[in-house]
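Here is a short report on a protein model. Start with the surface, then follow the charged side chains.

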Amino acid sequence: MNIGGQNAIILKEGTSRSQGREAQHANIEAALIIAESIKSSLGPKGMDKMLVDGFGDVTISNDGATILDEMEVQHPAAKMMVEVAKTQDDEVGDGTTTAVVLAGELLSKAQSLMDKDVHPTQIVDGYSSASEKALEFLQKMAIKVNATDTTMLKKIASVSIASKLLAERKDYIGDIAVKAVLQVAEKDGPTFRADIDDIKVEKKPGGSLTDTILIQGVLLDKEVVHPGMPKRVEDCKITLLNCALEVEKPEFDSKLNIDSPDQMKRFLDEEEKILRNMVDKISSIGANVVVCEKGIDDVAQHFMAKKNILAVRRVKQSDMEKLSKATGAKIATNIDDLRSADLGHAKLTEERKVADDKMTFIEGCKDPKAVSILVRGGTERVVDEAERAIHDALCVVRDVVVDPRVVVGGGAAETEVARLLRSYSQKLSGKEQLAVQAFSDAIESIPMILAENAGMDPINSLMELRSRHQAKQRWAGIDPLKGKVADLSKLDVYEPLSVKMQAIKSAGEAAGMILKIDDVIAASKSKEGAGGPGKGHEGAKEEGEGE
Ligand SMILES: Nc1ncnc2c1ncn2[C@@H]1O[C@H](COP(=O)(O)OP(=O)(O)OP(=O)(O)O)[C@@H](O)[C@H]1O
Ligand SMILES: [Mg+2]
């Protein structure tokens, strides 16, 4: 850098820097590559992606967030697109592909505007007011539903599953998702609260997708600790322990001098007595099932087996909490504190063999506030993708239970928002108007891509959609299954309002953020990370070239 006629070195050696249009262009290009890569997976006719990681493990998925997560993206602007998917996934659980594609379209439209000499800040301002308006329009057009209307919830779940591998079983899986969410939902004033963390999803390859079941309780990937214990207990009284059923070892190094066999026997007897007392205490409060977060000594196991108590050990803390919610048991931190009032209840606890593993089912709980879903399917990859589809389905049902407003999918809501935005833009002037129009064009790319992925002509479809919306058919959208434009409310294609709102919010914010960057200063990679000083420099250069 030249300061006052003198050369001054400000940045570290190896730092790469790009500025102005060059930087903007490179960022937009990188972000577009990401959007482009998942575009073809949008919608029920979207394609799946096969991803192979560094260890050769294969993932086959249609889920935007999963695909991008597996891609291990390097470029900083591309990483921001991956974050869009992640935010969408964390907030609402579905619509990740939509959000990323939308962000990409916003950027590509911005690029055309920049070529027409519209300044990036004008575009960002225009986008931000367009985004606000779009959210307002969406809220106005949303349909209010009943949070516990199972028919509507099933429709919502089916649409989210329709675009996944499980499409053929969408009604079966949708039904499970709805039952699970409604079971754990709790009334909170006029609305509902529901946390999908209260739904345990356990997967085991084997069987078929229709062997997937909902368990009114908790499924533990653990076996009963002792062969002498019952494998099946009915009318269970469950105690949850987060202390070990073992004789406590001293924390510091200690030495015990035993000089005679007699002393040795006394010592062991004493240990046995402690363990026996523990088991006696458990049995005295009437427990017949013990679930322990820590270990259980062999001797204690033996005593419990004699008393016909079924026990499971080393259970995860998260499962203990779910068990407490499902059975009503209080988790005891100390054997002495055990009281019969703290026992939990379930109809049945049983160890069953699922595929090659033994699992313990604690089921038939009365109004459990935590439930489990056991996902089955032909192969490991099918089960993995099924688990992701179930996650999406649980999320959309939760979204509607918590905020019972829906819009029509298949690009219907998007086309309507775009139409309203365009008419709103008539009131504006100059470059802001251009930016708002670009925003509405970007939103319309969703129905266009749905059409394209279904093998339809995207331009013709859009024209037909526009004219139908002009003629007040507000729920006209793309029916990819029949390959035509149709009223999608009649086809029951509903989606949560919150999914659509979040997609617009996060796509708009990410696009704005990327557009505002006009200087990229990248330090050379750290020596340890790149494996040597030379390599660090090369790495930075390579990235620059790749843009
Ligand atoms: N039966 C259907 N008819 C028309 N459109 C549908 C149908 N089912 C789903 N869609 C549309 O497909 C789009 C969703 O596709 P997809 O599930 O592949 O992506 P996403 O939800 O954005 O992301 P992801 O599910 O990967 O998180 C939505 O616009 C939705 O309205
Ligand atoms: Mg989806």
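## A nonpolar patch

Leu256, Ile258, Met264, Phe267 and Leu268 make up a nonpolar surface patch, with about 420 Å² of accessible area together. Patches take residues with over 30% relative accessible area and no salt bridge; like charges are joined within 9 Å, nonpolar side chains (Val, Leu, Ile, Met, Phe, Trp, Tyr) within 5 Å. Areas come from the Shrake-Rupley method with a 1.4 Å probe, and for residues only the protein chains shown count as cover.

Leucine 256 sits in the loop between strand E12 (232-241) and helix H8 (261-284). Helices (H or I, at least four residues) and strands (E, at least two) are DSSP runs, numbered from the N terminus. Leucine 256 is exposed, at 52% relative accessible area. Exposed means over 50%, buried under 20%, and partly exposed in between (1.4 Å probe, protein chains only).

## How the model is read

This is a predicted model: local features need pLDDT of at least 70, side-chain atom pairs count only at pLDDT 80 or more, and totals for chains, interfaces and linings use all residues. Side-chain values use heavy atoms, leaving out hydrogens and water, and residues are numbered from 1 along each chain as its sequence is written.

## Salt bridges

The structure has 41 salt bridges. Each is a side-chain nitrogen of Lys or Arg within 4 Å of a carboxyl oxygen of Asp or Glu.

In helix H14 (residues 458-470), glutamate 464 and arginine 468 are four residues apart, about one turn. Their side chains form a salt bridge (3.1 Å, N to O). Glutamate 464 is partly exposed at 34%. Arginine 468 is partly exposed at 23%.

Lysine 500 and glutamate 495 are both buried. Their closest N and O atoms are 2.9 Å apart in a salt bridge.

Note on methods. Chains lettered and ligands numbered in written order.
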